[in-house]
Structure formats: C-alpha cells, structure tokens
Amino acid sequence: MQFQQLQYFVAVAETRHFTRAAELVHVAQPSLSQQIKALERELGADLFRRARGNITLTDAGEALLPLARRILEDAETARHEVQEVAQLRGGRVRLGATPSLCTGLLPDVLRAFHDRYPGVRLLIEEGGSHDLVRELARGALDLALVVLPLPTPSPALTTVELLREDLVVVSSPDAPRAGRGRRAVRVADLEGERLVMFRHGYDLRELTVAACRAEGFEPEFAVEGGEMDAVLGFVRAGLGVAVVPRMVAARSGLGLRVTPLARPGLHRTIALAHRSDVAPPRAARELQGMLLER
C-alpha cells in the first residue's frame, strides 16, 4: 500500500468521480484508475462500485476511508512538525551545565536565544562535569558546558574552549576580611578560614581543595554539601567564606564581599562539549554558535 494510492482513493471517495479526482490530485485519469486498481488488488477487495455516472463506496471502501484520512492527516502533521523544526519555529535543545554556569553565563545567552527562536524549547540539566559527560555519551543531552580538564577524558566527545574565568573569595560584609584584610587574598591565606564548601562531585570543590593541598594544608569546612545558591546563602549568613567564579559573584554580589585572589590566582576553563559521532540538531548548533560568539 502506497501513500499516493491512499491520496487517490480519498480523492475519488470525496468527489465520487474519477476524472474530477484526477484533476484534484493533478494526475492523469488513467494513472489514477490504475493506482486504485492496484490498491484493490493488494487489499483483496473492491473499494468502489463503478456504474456510469454513479461511483459509490463498497463496504470495504467505507471501512478504509476514515483510516486513509487519518493516515493522510498524520502525514501532513508530520510534514508540518518537521518544517517547524527545520525552520527553527519548533524543536528543542537539551543543554547541560554546571550550576555555577547556570547562574553566571547562561541567563543572558538563553534570553537572546529565546528572543530569536521563541518556538524552540530549552531543556536545562544542571550537574557536575562528570555527570554531564555521562549524559552526553548516552545521548540524553545535545550540548554541555563543562569544566576542563574533563574528569574522564573521552575521545567520543568534542570540546571547544569557551572562556577562562577567574575565581574569587566571597564573604559576608559583617565578617572579618579574609587574609587579614588584604585587598587580594592568597590561597595560603585560606588556611584557618572556615570554608563553605560545595558537595562532592562539584568541580569547584575539587579545584579549591586541590589548591589548598598544593599550599600544604587541609581546608577547614564550616558547612559542606551545598549547591551554588545554598553556598552563597550560607556565606551571606556569615557561616564562612567560599571560592566561587567571578561571574557568579558579580551576579550575586548583593550581601557579599568579593575579594580577588592574588596572582597567580585560581582559574577554571569552560568548554562546550558535544558527541563526536553525532552532529547536534540545528537548534543546538544555533545555540552553540551564540555561546561561542558571546
């Protein structure tokens, strides 16, 4: 059974005339008749009672008509949906990002993308780089913003560096300044400070703890286990200090004292990742371009 045969069948059923049906579907009448006969042979039943000037549906034709109409309508819906996606009037982008990037980098870029493509749904998944790499590998995400180097390098992923961001120390304005009041804090000055620390698996946790150990001390935690918003809230409440990206501190500065880290400081490299073996959908490629151009 061919899609075209169903079109011809519905046209004859609606016009009750082979010649007018052929004109409706823009085909020669003999070709239309041959296709209807081929359809009847395949189905093993006559679909029309043919009499001069009087074309009516058989019982088999009556049974087929609503099904054929539904198939044609579904095909039209499919065509429309695909065109919507192809022309970026619909579809979705599944983007993974670390929580700090959701707070700092993404809001402005996603707003610009939504303004340009309002019909495209944005599905955001927050997680650490390790979790996001795993979600990319299994096809659950189109793109992910991750911190380099990846915890588990994967040849199946393509990464493009996006930006290199400074880390800063945030504290409550009511608390004593970290580093004995210096304008810039050294990592060594964090010895003896009570830190508000992210949960295990958080990129910033690993980076901060490694930097402290490189200076010869184990960091002391006042509170640990939070996500970005919780960590900033605990710092505002005066529970301790935290090391966070400068972009996050700038957006969340109300109620926080922001102190830079003295040279060489601490930095993190943000990259945009996608699977190497599968090209991202068009909408994801458009968002990728906007992120790279920012």
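User: How many aromatic pairs does a search of the whole structure find?
Analyst: Four aromatic pairs turn up. Keep in mind that this is a predicted model.

User: How do Phe18 and Phe48 pair, and at what angle between the planes?
Analyst: Edge-to-face. The planes of Phe18 and Phe48 are 70° apart, with 5.9 Å centre to centre.

User: Where do those two sit in the chain?
Analyst: Phe18 is in helix α2, residues 18-24, and Phe48 is in strand β1, residues 48-51. They are 30 residues apart, so the pair links distant parts of the chain.

User: Are Phe18 and Phe48 buried or exposed?
Analyst: Both Phe18 and Phe48 are buried.

User: New topic. How do helices α1 and α3 cross?
Analyst: Their axes come within 9 Å and cross at roughly 105°. That makes α1 roughly perpendicular to α3.

User: Which residues make the contact?
Analyst: From α1, Gln5, Tyr8, Phe9 and Val12. From α3, Leu32, Gln35, Ile36, Ala38, Leu39 and Glu42.

User: What classes are they?
Analyst: The α1 contact with α3 has seven nonpolar residues, two polar and one charged.

How values were computed
Residues numbered from 1 in each chain as written. Predicted model: local features only at pLDDT ≥ 70, side-chain atom pairs only at ≥ 80, totals over all residues. Heavy atoms only, no water. Axes fitted to C-alpha atoms, helices over the stretch in contact; angles between N-to-C directions. Helix = DSSP H or I, 4+ residues; strand = E, 2+ residues; numbered from the N terminus. Parallel < 35°, antiparallel > 145°, perpendicular 65-115°, else oblique. Contact = heavy atoms within 4.5 Å. Nonpolar A, V, L, I, M, F, W, Y, C, P; charged D, E, K, R; others polar. Phe/Tyr/Trp six-rings, centres within 6.5 Å; stacked < 30°, edge-to-face > 60°. Buried < 20%, exposed > 50% of the residue type's maximum accessible area, 1.4 Å probe, protein only.
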